[in-house]
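Trainee: I would like to learn how to read the features of a model like this one. Can we go through it step by step?

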Amino acid sequence: MKQWLKYSALGLMAMASIQCSRVEPNYEGILMENYGRNGKSDFRTVVGRQWTMWPGTTLYQVPMFETSGDPQAVTINAKDAGVFTVDPSYQYQAIRGQGVDIVFSYKHLGISQPQVMMDNVENSILNKLVINAYREEARNYTTDSLMNNLNTFEKQVEGRLKKDFEAKLFQLNNLTSGLQPPASMAKAIEARNNAIQQAEQVRNELQVAKMNLEKAKIEAEANRVKSQGLDSKLLQEKWIEAIRNTNNKVIITDGKTPVILNP
């Protein structure tokens, strides 16, 4: 009898351990009872260990930490039919205190496992919000205006999505568009940038050439003046030296015919 009681107790403990679940740290535990027949009133926030052995009882755990969403790249159209590509990614998290509403709203997506829950919510709800926001906001721009106002466009999309996510009980923390222009526009932009760079290079070369020409002119003029000054002085010095060193005296009589004395 004692042996049977021992095994029965061990069996009950094993069953209890199987039917007892614990809310993990940084998760919001939501306990559903009575199969949720009475609507939201059958859902409540719980912490710690919870008995889930009773029929119709399920413990859901909603992650409260930041996680990432990564929709597939899609094309979007400007209002003049320009085609862009967006490859968005975003970081978000559930709004704390909204666990009951999240579970009640999305449990039909199969969210008994936290990671599966978030993946299903992303694929079924959040990714679609992101793609639709990009597509609809792009229709407010022409192709050129979208390229010239890219920061404004992305801020508008992000501002819209913050409200959309909040309405779905989530907080959008960060958004990256990965926006790429049409191939033809990308080539045109590259060609324009190359032309600008080449024009700038030519302007720089012309400026340098002009400066070098001015420098050469200044140096030539300086050399000419210097040469004239040195030649006149040098001739004068040689004439004085010749008079000083010769025994003959040169006398200018009529200004035309010199007379040499003591030849």
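Mentor: Start with a term for surface exposure. A residue is exposed when its relative accessible area is over 50%, buried when under 20%, and partly exposed in between. Keep in mind that this is a predicted model.

Trainee: Which residues of H5 are buried?

Mentor: Phe153, Val157, Leu161 and Phe165 are. Around the axis they cover an arc of only 95°, so they lie on the same side of H5.

Trainee: How many residues does H5 have, and what does it span?

Mentor: H5 covers residues 150–167, which is 18 residues. From first C-alpha to last it reaches 26 Å. That is close to the 26 Å expected at 1.5 Å a residue.

Trainee: And where do the buried residues of H2 lie around its axis?

Mentor: The buried residues in H2 are Gly99, Val100, Ile102, Val103 and Tyr106. Looking down the axis, they fall within an arc of 165°, so they line one face of H2.

Trainee: On to aromatic rings. How should I describe a pair?

Mentor: A pair of aromatic rings is described by the distance of the centres and the angle of the planes. Planes over 60 degrees apart count as edge-to-face.

Trainee: How many aromatic pairs does the structure hold?

Mentor: It holds nine. Take tyrosine 27 and phenylalanine 65: the centres are 5.4 Å apart and the planes stand at 80°, so this is an edge-to-face pair. Tyrosine 27 belongs to strand E2 (residues 27–32), while phenylalanine 65 is in the loop between strand E5 (58–63) and strand E6 (67–69), so the pair ties together parts 38 residues apart in sequence.

Trainee: Which residues do ring pairs link into a cluster?

Mentor: Tyr90, Tyr92, Tyr106, Phe165 and Phe170. Two of these names have come up already: Tyr106 is buried in H2, and Phe165 is buried in H5.

Trainee: Tell me about tyrosine 92. Where does it lie?

Mentor: Tyrosine 92 is in strand E9 (residues 89–94). It is buried, with a relative accessible area of 0%. Its side chain makes a polar contact with the side chain of glutamate 122, at 2.6 Å. Serine 68 is 24 residues from tyrosine 92 in sequence, with the two C-alpha atoms 6.3 Å apart.

Trainee: Next, sheets. What should I look for?

Mentor: Strands of a sheet pair through backbone hydrogen bonds, either parallel or antiparallel. Here three strands form an open sheet in the order E3-E2-E5, with antiparallel pairing. E3 and E5 are the edge strands, each pairing on one side only. From one strand to the next, the twist averages 30°.

Trainee: How many bridges join E2 to E3?

Mentor: Four. Isoleucine 30 stands opposite threonine 45 in E3.

Trainee: Last, backbone angles. What about phi?

Mentor: Most residues other than glycine have a negative phi. Asparagine 26 has a positive phi, near 60°. It is found in the loop between strand E1 (20–22) and E2, and is partly exposed at 39% relative accessibility. Asparagine 34 also has a positive phi near 60°. Its place is the loop between E2 and E3, and it is partly exposed at 32%. Leucine 169, which follows H5, has a positive phi near 80°.

Methods
Residues numbered from 1 in each chain as written. Predicted model: local features only at pLDDT ≥ 70, side-chain atom pairs only at ≥ 80, totals over all residues. Heavy atoms only, no water. Phe/Tyr/Trp six-rings, centres within 6.5 Å; stacked < 30°, edge-to-face > 60°. Helix = DSSP H or I, 4+ residues; strand = E, 2+ residues; numbered from the N terminus. Expected span 1.5 Å × (residues − 1). Buried < 20%, exposed > 50% of the residue type's maximum accessible area, 1.4 Å probe, protein only. Arc of directions from axis to C-beta. Polar contact = N/O pair within 3.5 Å; in protein donor to acceptor, adjacent residues only side chain to side chain. Pairing = 2+ DSSP bridges. Axes fitted to C-alpha atoms, helices over the stretch in contact; angles between N-to-C directions.
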